[in-house]
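We will go from the whole chain to single residues.

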Amino acid sequence: MNARNRKRLDKSSHWLAHGLNETFLARFPLDRLTPHHQLLPVDAPGSRYAWQATGDDPQFLLKRGLPLPGWQMLEVAMQHDQPSAAVKLYLDTGKGLNEELCVYLPLKSGRVTKRLFYVPRRLKALRFDPMECEGRFTITHLRIAWLSPGFAHDRLAHRLANMHHEFRGVTKAEVLPLLKRQAREAGRHWREFALEQYEATFERRTARYSYRKWLEGRRELTTERARRVIDQLPYTPLISVLVPVYNPRLEWLRECLDSVLAQSYPHWQLCIADDASTDPEVRPVLAEYAERDARVRVVFREENGNICAASNSALELVEGEFVALLDHDDTLSPGALFRVAQALHRHPDAGLLYSDEDKLNEAGERFDPHFKPQWNPDLLLAQNYISHLGVYRTGLVREVGGFRHGTEGSQDHDLVLRVTARLLPEQIVHIPHVLYHWRAAAGSTALGSEQKSYTTDAGLLAVRDHLRERVPGARVEAGHYPNTYRVRWPLPRRAPLVSLLIPTRDRVEILKPCVDAILERTHYPHLEVLILDNQSQCRATLDYMHEVSERDNRVRVLRWNEPFNYSAINNYGSLYARGEILGLVNNDIEPINADWLDEMVRQACRPEIGCVGAKLYYPNDTVQHGGVILGIGGVAGHAHKYFHRNAPGYFTRLHLAHNLSAVTGACLLIRKALFEEVGGLNEEHLSIAFNDVDLCLKVREAGYRNLWTPYAELYHHESVSRGADDNSAKRARANAEAHYMRRTWGRVLDTDPAYNPNLTLVHEDFSLR
């Protein structure tokens, strides 16, 4: 080792002895980054961006000031014009660039993002890929920090213990011994093995980036194994697969029919109705399949009608106890009907079963998987998330009159609404496997899957008719995206009083914008604001509270002269609240749309709904809260955190009202009677964190559905008034609260019905597990 590097190492040891995280820093002035591919400087005066990525593979090269061999920490921050961004750092050791020596880092908007990596010997160059798409950006922070092995191991263990689902319940001190034991058993070097586990905590921003690799790691169910299980099933119902046909591409029609014939579950019937196809080659193909297998039945309609008429003709052929719906150029996975039979064995009273699904491109490659939640009635009103694969009890389909004329294009949505209206929640069963592949290739003629305006109009009719019979005052309108809908629920004849509870201590610069914005930007007329003052000493804050309560008779100030306990303060405030509805509101909240409270009250007044949450943004217009997902990070995390305000989210969910297990208490509405019924917030065990999640779970356990709405939008300057958990006492309290949640709700936290077991419990971005 030369003297210069030894000096660096001596300096790093000195810094570590003084408790500093970052040892040797290799700073990269931007002039060291050489644009290599698909990059142009932005030549626009006043632009906030320095670079334009002209394709999906922009690259910088770096050949000077390379990092030393050993453990390193990559730190990156960028401003960019994309909903999200991720960088890649390729290490060139003279053998070319490949994914095995690639450091992947999804960025957090507006923040420095860090991750460990290991530099091998003989490093020749680095390639830095700042984005994975076209767009503009500026690199605001880029450096690499050399770490001592001890410190790097500590950071590695810390992340795995806190973020990797396989290390849940393992302490940080136990992580490395466990990794080394697992590596020995696998015959591998422990560091290589450990870095694979660490890499898994940096999932891709969305599922589409990693789906192919994810599929490669899945073991398909063999026909032999399925048959052995089938032989042991006491209940093997006949499942009729219903296929309406009209002028499909013949090779896709054959793939569709072959996928049924290839089913490992043998107790099926294929019911085909040709809707007078004008292509003369369709009839011989269908006749061929009917002759090949006695389980295939075909009816040829004399006149072309529509997909509902053809589906009803196929329904007349059905002999099975259950009917599965299949479009004429889509395919089933080989184990699809076997998985249905398995689910029926566990849920013999099921009236509707549905699975996850993905798409097929022109080349027949699978992409864009949709991993769905369990029964989610408000999501179903907002979009038809259930199809495909949908399997219905035949008697129910016939009882509701089959496929309804006038709903062509959204006939499946109409059918599922009418069928589920007759079922109990436990009779609607989700199968968390991809059993259906629908054709999304250009030129597809798939019936019922074309994204045309008439499909949205048909779905609007279906949702409107469904609600007209049940909630006559509800109104339905088209959503922001095709085939999505917004329901405007009615208010009671007498609008209920809402009591907004706002705990605070000093910090008038935070409290004043919050309260003034609520009073000035809220159209809902019947509200009161209760400022819950927790030992404020600041004269300006006290003066403001006095002034605003004198100025506006909707404002009252209540004193809480006890140590800070978020749960206790709000429970105290609820005792003095005059409203029928309580609103938990942080003192760093600012409304955006004037009808935010109107929307939340309409939802909270529904008798089946418990807690109602809002869509919250950071001041830079990225999402802070899109609902709460249980199990992320061990307890819970916020859905779609750091996504851009206008991003669609996972299958447009950022723009749809839907049911979730929990929502944040930063802005939460609940009927006061229900709040009292479940005992309010837990002030004994959850004084600061997770009390909102605990409240929501108690409400759900009492039989109510919690709901998140994107139509109540507010800014949230997250926890700036309370500060971070940055000392030992705060960390101990936070750990104790997390442990309480695991003890109390452990199994519930790991099986969120509003999520999907195939999705990550590490990140908040709906990437794959």
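The tour below gives a selection at each stop, then what is there.

**Ground rules.** This is a predicted model, in which local features need pLDDT of at least 70 and side-chain atom pairs count only at pLDDT 80 or more, while totals for chains, interfaces and linings use all residues. Residues are numbered from 1 along each chain as its sequence is written, and side-chain values use heavy atoms, with hydrogens and water left out.

**Stop 1: the whole chain.** Show the C-alpha trace. Along the principal axes, the C-alpha atoms fill a box of roughly 85 × 75 × 60 Å. Switch to cartoon: the chain has 21 helices and 34 strands. These are DSSP runs numbered from the N terminus (helices: H or I, at least four residues; strands: E, at least two). Of the 769 residues, 56% count as buried. Buried means under 20% relative accessible area, exposed over 50%, partly exposed in between (1.4 Å probe, protein chains only).

**Stop 2: select 411–420 and 453–468.** These are helices H13 and H14; their axes come within 8 Å and cross at roughly 15 degrees. Axes are lines fitted to C-alpha atoms, for helices over the stretch in contact, with angles from 0 to 180 degrees between N-to-C directions. Now show side chains. His 413, Asp 414 and Leu 417 of H13 meet Ala 462, Val 463 and His 466 of H14; contact means heavy atoms within 4.5 Å.

Stop 3: Which peptide bonds here are cis? One joins Ser 387 and His 388, with omega about 0 degrees. Another joins His 388 and Leu 389, with omega about -15 degrees. His 388 sits in the loop between helix H11 (377–382) and strand S19 (390–393). Most peptide bonds are trans.

Stop 4: Most residues other than glycine have a negative phi. Asn 483 has a positive phi, near 60 degrees. Its loop runs between strands S21 (475–478) and S22 (485–488). Asn 483 is buried, at 18% relative accessible area. Phe 690 also has a positive phi, about 65 degrees. Phe 690 lies in the loop between helices H19 (672–677) and H20 (691–701). At 22% relative accessibility, Phe 690 counts as partly exposed.
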